[in-house]
Every structure is written in structure tokens, then in C-alpha cells.
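Subject: Structure handover

Hello,

Here is the structure for you to look through. My notes follow below it.

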Amino acid sequence: MDRTMPLPRPLFLGSEIYRGSSYGLTHPLRVPRVSTVMDLTRALGWLSPAQYRASPRAKPGALEIWHTPAYLAALQQAEATQTVTPEIRDRHGIGTMSNPIYAEMFRRPATAAGASLLAGELLAAGGIIHHPGGGTHHGMPDRAGGFCYLNDPVLAMLALRRAGARRIVYVDIDAHHMDGVEVGFAGDPDTRLISVHEEKRWPFTGALTDTGGGNCFNLPVPRGFNDSEMALVRDALILPATADFAPDAVVLQCGADAVLEDPLSRLALSNNAHWAVVRALMDLAPPRLLVLGGGGYNPWSVGRLWTGVWATLNGHDIPDRLPPGAEAVLRALVWERASAGRNPPEHWFTTLRDAPRDGPIHEAVRDRLAVLRARL
Ligand SMILES: [Zn+2]
């Protein structure tokens, strides 16, 4: 690929490593996610071989631009032996309920990280990339956190910078605060980090008053956060804060756990809200745009949302009713040990687009937005 020319069309970075990979029978990440998006986009005729690239697995040495050698060695050792000592568990946060020992526990995150590193290179001259396996925003330099073993958003931003993008805006609309990314870039005048996340939820960081030394805009939102509220946040904060910074690159962490049907959070968005954020950031025409995945624990919500992100990035019309091949992908999903998986509503099989979930705008949202806008 000619790295002196912008990508002619959006590129999708996927991998077969996600298919069938599970964190364990009772873990929220027992569900298929990226493989669903690959299958759905292909069934819809939206993913030609020319737009798809298999993600390379990052070498440990390449991960040392942010992660410690001791931690990387511990991860590989844990994958090889499928066990950890109590000392390693305490020191690195692996072998816990959240961050368990599982079969691909180094190779899978190293593949997501490899795609993020590659994305930085491929975007050297500009373009759009979707990497739904990325977005592991809780990973720390020497420690796993919140199902994240590595921090591929940080690695993507470092790779973008290495390839010539100096000023970077990172936007995070996952239900959880981007604590690892903030550790990576707080206080860096050439990055601006914007996070919208549920208040009083793990990891309990990202308070409104936490400016990260001036470049972090943290917006905690109340339970029940709806599409109308996200539209206001988009237009009053995300867009002006991004445009005003004149970034060379925009990275969007598009976690799918802020939608109503997600089992881990209590926000109430429809997938329209995420797609509208994607669309609006595209309209700002940043030279480089990287859209990552993130959280998302309802297999239907995740697959439908991220497939719609790809449609948005490519300007495809989303059909009101899915064609039979795409419907078959959704009908084949199973969500074990989840009550909502027993009798899913029909529209989870037959549509991509949720019904909009508009509603009242809470005073708390308006007041907090005003605090953040005053800093622009
Ligand atoms: Zn999350």
C-alpha cells in the first residue's frame, strides 16, 4: 500500500482470532462480537476483500513503547501455562475474575494492539480505519484492568504520532471512563481527551473536576442517559472541542455498552446515538479518523451497532429490514446464561437500527456541559 497517499476508502481491520474466543463461561466477554460484525458486513455486501485487512499480532518489543517488559512477559507466560502465581496476580492484575486466564489471553490482545499500531502507519497520509476489536481503554502499562490486558488506544495514538500526526483528539463514548488512556496522555498539550461515561460506575475515575492537567474533558452522565442528551453532548461538547483543537487525527472509542440493552451499564442510548457521533466527526473531515470498538456485552447490540458504524463510515444506507443472509447471522447468535438471551425480541434479528430513544435532558447534563464548555 502506498503510504504517501490517503487511503482511497475506509479500511476494516479484523481477525479470525476473535471468533470463538471467550474469557470463560460466566464472563461478560463470553459473547461473539467482532466476528459478528465481519459476518454481518459481508452478508450485506459491505466488506470487499479490498477493504479488509487481517490484523497482525504485535511483537512484544513493539508493545514496549507503553507496556513494561515484565508485564508482557507475565502475560505470555500466563497464556503458555494457563496459570499465574499469587504474586503475579497481585502485581499485574491477571488471573482475576475480571481479567481471567484464558486460551488467547496474550495473542488476542496482541492482535488488537497490532491492528492499532498498523492503523497508525496506514493513516500516515490520511484516511479512515475501523478496528472494532480495539478500544481496550482500561489497560495500564504494567497491569490489566476491566477486561483489558493491553491498551490499544494508547498504542494507536503513539503510532499515529510516529507517523506524523502531532495533534490528536481522542473521543470515548463507552459507558466506562477511559482511565488507561488518561494515564497515557493526561497533561500532554498535543492531545485532547473527551470522555462521556456513566457516573458512579467502575473504574470510578473521570470526575467532572478531573482535567488531567488541562487536556481531559470528563463528562460523567446519570443513569438513563438518552439519545436527546447524547445529541446535546455531541453538538455542545464533542464537536466544538474537537474542531477547536484542529487535530491531525481523531480516534473514536465507540464502546457499545452505553445502549439500553447492555447488561453492564444503566445508560439508555439507541445505536442511532453512536452512529450520529461517527457521522458528525466525519463531517469535521479530520485528516485521519480511527474508529475503535470497546465495551459491549449484549451480542446482538454489539454486532448491530458496530456494523452500523461501518455503514456510516462508508455511506451505505441501512435497510429497514435486513436481507436473509444478514438475518441468519443474527439468528445464529447465542447468549448463554443471560435472561435476555432466552427470548430475544424479533427486531434484534431483522434490523440494524434501533428505535430512537429520545427523552428529557437532565439538569445535571446541562450543568456539567456548561462547566466543560467554559474551558474551551
Ligand atoms: Zn465499557
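The zinc ion is coordinated by Asp-174 through OD, His-176 through ND1 and Asp-257 through OD, at 1.9 to 2.1 Å. Donors here are N, O and S atoms within 2.8 Å of the metal (3.2 Å for Na, K and Ca); water is not among the atoms, so sites may look incomplete. Along the sequence, the spacing of the donor residues reads D-x1-H-x80-D. Asp-174 is buried, at 1% relative accessible area. His-176 is buried too, at 8%. Buried means under 20% relative accessible area, exposed means over 50%, and partly exposed lies in between (1.4 Å probe, protein chains only).

Some ground rules. This is a predicted model, in which local features need pLDDT of at least 70 and side-chain atom pairs count only at pLDDT 80 or more, while totals for chains, interfaces and linings use all residues. Residues are numbered from 1 along each chain as its sequence is written, and side-chain values use heavy atoms, with hydrogens and water left out.

Now the cores. A nonpolar core is a set of buried Ala, Val, Leu, Ile, Met, Phe, Trp, Tyr and Cys residues joined through side-chain atoms within 4.5 Å. The largest one has 71 residues. Phe-225, Val-233, Leu-252, Val-309 and Leu-313 have the most contacts inside it. Helix H10 (residues 299-314) supplies the largest share of this core, eight residues. Helices (H or I, at least four residues) and strands (E, at least two) are DSSP runs, numbered from the N terminus. A second, separate core has 49 residues, including Trp-66, Tyr-71, Ala-159 and Leu-290.

Take Val-309 as an example. Not counting residues up to four places away in sequence, Val-309 touches His-130, Cys-254, Trp-275, Val-278 and Val-291. Contact means heavy atoms within 4.5 Å.

Next, the pockets. They were found on a 1 Å grid over the protein atoms alone: a pocket is an open set of points where a 1.4 Å probe fits, with protein on both sides within 12 Å along at least five of seven lines, and lining residues have an atom within 4 Å of a point. Grid points are joined across faces, edges and corners, and a volume is the space filled by probe spheres set on the points.

The largest pocket holds about 400 Å³ of space. Its lining has 30 residues, with Leu-29, Gly-146, Phe-147, Cys-148 and Tyr-297 nearest the centre. Helix H5 (residues 107-122) gives the largest share of that lining, three residues. By class, the lining of the largest pocket has 13 nonpolar, twelve polar and five charged residues. Ala, Val, Leu, Ile, Met, Phe, Trp, Tyr, Cys and Pro count as nonpolar, Asp, Glu, Lys and Arg as charged, and the others, Gly among them, as polar.

The second largest pocket has a volume of about 160 Å³. Of its 13 lining residues, Arg-19, Gly-20, Pro-32, Ser-35 and Leu-333 are closest to the centre. Helix H1 (residues 34-43) gives the most to this lining, with three residues.

H1 itself is mostly covered, with seven of its ten residues buried. Those buried residues pack against S1, strand S2 (52-54), H10 and helix H11 (324-331). Gly-45 follows H1 and has a positive phi, near 75°.

Leu-13 sits in strand S1 (residues 11-14) and is buried, at 1% relative accessible area. Its C-alpha atom is 10.0 Å from that of Gly-114, 101 residues apart along the chain. Leu-117 is in helix H5 and counts as buried at 8%. Leaving aside neighbours within four places in sequence, Leu-117 is in contact with Ala-58, Ala-62, Leu-63, Ile-65, Leu-155, Ala-159 and Arg-162.

Last, the backbone. The peptide bond from Trp-202 to Pro-203 is cis, with omega near 5°. Pro-203 lies in the loop between strand S5 (191-198) and strand S6 (216-221). Ala-246 has a positive phi, near 50°, in the loop between helix H8 (227-243) and strand S7 (249-253). Ala-285 has a positive phi near 50°, and its loop runs between helix H9 (271-283) and strand S8 (288-292). Ala-285 is exposed, with a relative accessible area of 57%.

Best wishes
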